[in-house]
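Have a look at the model below before you read on. My notes follow as numbered points.

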Amino acid sequence: MEKTITSKKSTSATYAICVTALFMALNILMSSFGVPVPGGRCYLNDVIICTAAILLDDAKSAFLVGGVGAFLGDLFFYPTPMFVSLATHGLQAVVICLIAHRAANKEVTFKNAALGVFLGAIIMVVGYSLGRAFIYSTPYYAYIKLPYQILQATVGAVGGLLLCFKGGLLDAFNKLQK
């Protein structure tokens with residue numbers, strides 16, 4: 001009989017892939033519907049992007065969840081801004097992840113996470129505003145949607161922080177990883 005040896009590294013790699021795929025699927029799901037607003041829709045996938053970026057300690061995984069997940073959601077449901085979503089949400093997720101996990105012991109603090117989601121929200125609003133002005137060839141269209149982009153970024157940032165810190169998701173996630 002052959003003896004199978006499973007290393008901790010391969011188990012943790014499998015776990016990381018599964019968690020990343022789960023958050024990508026949630027991002028795509030939340031991209032499938034939105035609240036109608038002037039100039040388009042307001043989506044709740046920012047909550048998933050912020051939550052995943054706070055929880056995941058790997059910037060590549062955060063980019064996959066934020067950028068690629070939003071790209072696929074747009075590809076399936078509304079393909080016009082899909083490349084804007086890839087760049088904007090990808091950069092947003094990477095910045096949140098890097099800032100949230102920047103402590104020496106890699107422990108996520110509320111202060112670092114809040115700073116990360118604040119900067120991520122700015123990246124999202126600016127990125128989508130510039131993207132809309134470019135895609136639709138008019139800055140006016142970007143101005144129409146600006147208040148709703150700010151609302152979407154704020155809901156995502158606050159929702160992600162609440163889920164992770166007040167909802168206990170960060171503690172539960174850390175227990176699963178041990």
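**Notes on the fold**

1. Going along the sequence, the protein runs α-β-β-α-α-α-α-α-α. In total that is seven helices and two strands. Helices here are DSSP runs of H or I with at least four residues, strands are runs of E with at least two, and both are numbered from the N terminus. The radius of gyration is 17 Å, close to the 16 Å from the globule rule for 178 residues, so the protein is as compact as a globular protein of that length. (That radius is taken over C-alpha atoms, and the rule is 2.2 Å times the number of residues to the power 0.38.)

2. A word on the ground rules: this is a predicted model, where local features need pLDDT of at least 70 and side-chain atom pairs count only at pLDDT 80 or more, while totals for chains, interfaces and linings use all residues. Residues are numbered from 1 along each chain as its sequence is written, and side-chain values use heavy atoms, with hydrogens and water left out.

3. Of the 178 residues, 44% count as buried. Buried means under 20% relative accessible area, exposed means over 50%, and partly exposed is in between, with a 1.4 Å probe and protein chains only.

4. Which residues touch the most other members of the largest nonpolar core? They are Phe23, Ile54 and Val117, in a core of 27 residues. Such a core is a set of buried Ala, Val, Leu, Ile, Met, Phe, Trp, Tyr and Cys residues joined through side-chain atoms within 4.5 Å. Among the elements giving it two or more residues are helix H1 (8–31), helix H2 (45–55) and helix H5 (110–135). H2 supplies the largest share, seven residues.

5. Now zoom in on Phe23. Beyond its neighbours within four places in sequence, Phe23 is in contact with Ile48, Thr51, Ala52, Leu55 and Val65. Contact means heavy atoms within 4.5 Å. For the protein's contacts with a separation of 6 or more, 70% are between residues 24 or more positions apart.

6. There is also a second, separate core of six residues, including Val84, Ala121, Val125 and Ala153.

7. Is Leu176 buried or exposed? Leu176 counts as exposed, because its relative accessibility is 61%. This residue lies in helix H7.
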